[in-house]
Every structure is written in structure tokens, then in C-alpha cells.
Amino acid sequence: MTFAVHGLPVARGIAIGRAVLVVSSRIDVAHYFIKPEEVASEIDRVRTARNAVADELTKLQANVALMGPSEAPHELAALLEVHQMLLQDDALSGGVKHWITDRLYNAEWALTTQLEVIARQFDEMEDEYLRERKADLEQVVERMLHRMKGTAAVLAPSPPRRKRAATNHDDDDPHDPTAGDGVDVPLVLIAHDLSPADMLQFKKSVFAGFVTDVGGRTSHTAIVARSMDIPAVVGARTASQLVRQDDWVIIDGDAGVVIVDPSPIILAEYGFKQRQGDLERGRLARLRHKPAITLDGERVDLLANIEMPEDTVGALKAGAVGVGLFRSEFLFMGREAQQLARLPDEEEQYQAYRRAVEGMQGMPVTIRTIDVGADKPLDGKSARQEHLNPALGLRAIRWSLADPAMFLTQLRAILRAAAHGEIHLLIPMLAHATEIRQTMALIDTAKAELDARSAVYGQCKLGAMIEIPAAALTLRLFLQHFDFLSIGTNDLIQYTLAIDRADEAVAHLYDPAHPAVLRLVADTIAECRRQGKGVSVCGEMAGDITFTRLLLGLGLRSFSMHPSQILAVKQEVLRADTSKLAAWAQGVLEADDPAFALTLPV
Ligand code: PEP
Ligand code: MG
């Protein structure tokens, strides 16, 4: 039966494919595709873990048998018996084998997927006793996951498009757009939540689209999705419970709608929309080599936001004239699941920054120092589980200043990479004069340490992100110390409006066009221009064509965004006349309803 789930549109376009469900488990598990030749060893890992847990349970049973009823109640022996049965159940091992063999899921992913499949069956049982066995199954699986820790192969995200497996594909499926043609089936990812580190892992795959239950428009999961340039919907609340493995799903990333099990008519309609989107992209691609100059001759820098050095390939392809934001924290995240050292050392970071600089072939690269915390935890655990109010807690520069050794390591690595090209060093989330002073002192210390060992390094322009209203209201302080400012509108909106950017429950109040937000953005641009300092916007607002004319009218000439957004913004720039936009932009700033004023002609 066809039904629709509504969420927030975060990355444009239409995706049609089979659902791959990624379930969250209480244990942080990695999700990645294995290579076909690794299937046997992956199944072996599961078997070894199962045997180890069976031994563990047997020992427990033996101990219980030796105890008297006062030490070990009768129920305990019965419970261990149930755990043994669940462990040996064919439904568990058969299912896990299927996900590994036919889908090339890694063992942990296969195990949690099968857990979810069986758990749903338990949920539907009439008998209360049997329904409650779900918790036992979860415990058994968690024991296995613990056993498997440390035995994974190095993460190797591989063929994301699976060949249709004869065993689980219905060739007569009237919904199947690829039925009978023998080609690979596109897959779409459905999850309750994905950590940014998980997203990064999936970025290397080619999922056709994805949906999460939670998240706001500028949550970091949404941001990585946008950088993957695939249609995505977040904040879809119950999608991961309603969609089943293998369901056909349409993701409408323009409208924020997910259509499950679509009828042939709906499929045809969306197939048409998808082709229209491809045509539009083709038209925009012609602008790639055109300089971004307005009708009145103003040159505009369109820069790329990247998460990994390898993203520079996409940045160049999209015609970026530099990197305006390298979110360096992605080098630090998800390392536990990959069995790497907790933090990358100086050499590893230096090599990564150097690759980014060299990748941009002489164009400037702005490296933002580590910004973990809030919805970007270092490992899979959500900061929400550990901190009262993570968005207001120890994140970004606060985190760096709390761990000077880690920060100095990063600063030394960036300075060394600056010997290979133009690097701008950008500091996130500053608000206080003391933070500025401490940061400057640590930059000096990093240079002194490099001098002491006669290491080669380059000089960087220094920039601060304006992400906290307190910073936007004390620009003079910032401009005394920094060469340029970069406005992080994602956080500036969050902190100005007191709206958690990752919380879908208040997503409707997250308003980039709020007059208070526009006022802070406008004042920052104006003050930088007055003082002859560089200024750019690197939050999502820069890549949203709704705001291109406004930002140009306010005097902005440097926009940093996902490479996938550059061509659409360039089209707006090419059509703009800044000599007329300035007065119009002032009108928008003063309007009671700026969102409406933005739609008015210039
Ligand atoms: C921002 O806050 O606008 C920004 C660019 O930083 P991030 O999205 O990584 O917090
Ligand atoms: Mg930010």
C-alpha cells in the first residue's frame, strides 16, 4: 500500500530505490560495505562471536547450577536457557548471513539489521511473554557485538549498488522500475539518526538518497547529506519504523516527502520529475567555467565547503575558486569504529591539509580548526547523552582551548601545510576577548615549537567565525585581531533564535530570514567592508539561492557553500545587478516580513 511520510527537505532532487535500513543500537556499530571476497571472513567473525557468547552463557549456567536458590533464583537459569536458544536460533544466523552475503553489509550492520527484523516480529506477537523476549534478544546481540569489537577489517566502503540477488528480488514486482532489465538496483538509506561520522562513511558509497527520523535543516547530518549531492529528507520522525527493508521508496528532496511502496502511476510521475532535474543540472553545468561576475561587473568569489581533502576534486569540478570552509573535525570523527588512534597525530593531519591545499592547485584553502561537540561527537556517542546542553557546552574553540596539546598539534600541522599553498586559518565559535588572546598565544607557541625543531612552515591569514550574537555585536574587537571574518549562519541563527538546529521539533522556528538574524549578518558585512577586511558567509545561507540577491545587496562578495550548490548560485550572480540590489536589500532588512520582501522584484 502506498503511503507518504513528511519531513524537511535538505538536499534537492528525486531518488527512487530500495530501502536499506540502518538501525541504531545501544552499542556504537560501524556501517560499511564489505568486498565480495570478504563475505566468508565476515560470516566467520559472526560465528566466532556466537561461539564465544555460547561459551560465556554455558559457564554462567554452570555457575548458576552450583548456587543455591537464595543466590541464584530459579528464573535466572531459565533466562540463560532462553538466551542460549535465541543465540542458536536459525532466524538470527540465517538473516545475518543473508545481509552479509546478498547485501555485503559488515557483520555488525548485518547483526543489528537482523535484530531489528526479528524485534518487529516480536512486537507484533499477541502473547505478552513472547513479546518481552525482544529485550532478551537485544541482550544476546549486544553480547555478540561486544565480542566482535576489535575484530573488524579496516573499513572499506565498497560497492554500494548491489546486484539484484535472485533470492530476494521479485522479478514480477510491478513497482520495480528496473524489473527484468538485470541492472543494479539503486539503494536509499533510511535511518533513525546517523552520526556525521557515519554519514562520512556512507559518503564514499553511492546511495541514491537518504532519510532520517531526526535532524533539522542545518544539522550536521543534513550538511553532510547536502555535500553528498543526493536527495535527502531529515526530521521524518517515524520513517525508520514505517519503512521496511527492501521497500521501494521515492525520496522527494525538494518537497521533503518520502513515498513508500509507490504505485506505478506515482512512479512514472516521479520518474519524469527526476529526468527534468537531470536536464536542469545539465544546463547549469555549462556555467562551470564562466567567471562569477554580476551584470554591473562585480566579481564574486564562490568557494567550496569541504569535509575531507578528497572533496577538493568535487570543488574544482564545480568551478570553486578556493575552499572557504574545510570542516577539519571530520578528520577526527568516527575513528573508533575504524580502529584508528583516538586523534590523528601531527603528521597525519599535516598530510591531510597538504592534500587539500595541493588539491586546490594554488587556490586558497580556509581550514577551520576542530569544531566537535553538540551534534558532532568525536565518536558515535551523541554528546546529547553526556551533556546537559551540548550546543551551549564544550564545543569548537572551547574544546580546543580546554585541550591545548591537541590544539597545538593541529595548529602545527596547519602551519606546516601552509608551506605548500595559501592557507587561511579560521577559528570557530569565538565570543570572548580572553578566547581570542589564548588562541593567538597558542598560534605563537605552535610557531615557536616548529622553529625549535627547524620545521618548515608558512604564514596564514587569520580569520574568526561569527556564529554567536555576542561576536556579531562586538565586531571591533574581532577586527582588531583578525584579517577576515566568516559568518557561520547555521550557528548564528541557532544562537540568535534559541533554536536547536538539530531538533526537528522546533525546525519550523529555525528562520534564516528573521529580522534579527539579517541585522547581525548585514552589520557584520558592512563593518568588515568599512574596515577593508575580508568577509564571507560559509553557513547554509550562502548556498541557498533565496538569499543570493540579498547578500549581494548587503555587499557580500565571498560565498562558501557545498560544491553542489555553486552553479545555481552562480546563475543568480550572473543575473544580478548590485547597483540596484543595495537599496532593495535595505528594504528587505527593514521589512516586517523579510521572507516575503525577499520575493519582491528589485
Ligand atoms: C555555521 O555554523 O554556519 C558553520 C558554517 O559551521 P558548522 O555548520 O560546521 O557549525
Ligand atoms: Mg558553526
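Are glutamate 467 and aspartate 491 buried or exposed? In this predicted model, for which local features need pLDDT of at least 70, side-chain atom pairs count only at pLDDT 80 or more, and totals for chains, interfaces and linings use all residues, both glutamate 467 and aspartate 491 are buried, where buried means under 20% relative accessible area, exposed over 50%, and partly exposed in between (1.4 Å probe, protein chains only). Residues are numbered from 1 along each chain as its sequence is written, chains are lettered from A and ligands numbered from 1 in the order in which they are written, and side-chain values use heavy atoms, with hydrogens and water left out.

Helices (H or I, at least four residues) and strands (E, at least two) are DSSP runs, numbered from the N terminus.

Asp491 also belongs to a network of salt bridges that links Glu329, Arg368, Asp371, Arg395, Asp491 and Arg501, a salt bridge being a side-chain nitrogen of Lys or Arg within 4 Å of a carboxyl oxygen of Asp or Glu. Across the whole structure, 33 salt bridges are found.

Glutamate 56 forms a salt bridge with arginine 143, with the closest N and O atoms 2.4 Å apart. Because glutamate 56 lies in helix H1 (residues 39-66) and arginine 143 in helix H6 (residues 133-148), this pair ties together parts that are 87 residues apart in sequence. A salt bridge also joins glutamate 56 to arginine 147, the closest N and O atoms being 2.7 Å apart, and this pair, again between helix H1 and helix H6, ties together parts 91 residues apart in sequence. Glutamate 56 is partly exposed at 21% relative accessibility, as are arginine 143 at 27% and arginine 147 at 43%.

The side chains of glutamate 540 and arginine 226 meet in a salt bridge (2.0 Å, N to O). Since glutamate 540 lies in the loop between strand E15 (534-537) and helix H21 (548-553), and arginine 226 in helix H8 (residues 220-228), the pair ties together parts that are 314 residues apart in sequence. Glutamate 540 is buried, with a relative accessible area of 9%, and arginine 226 is buried, with 8%.
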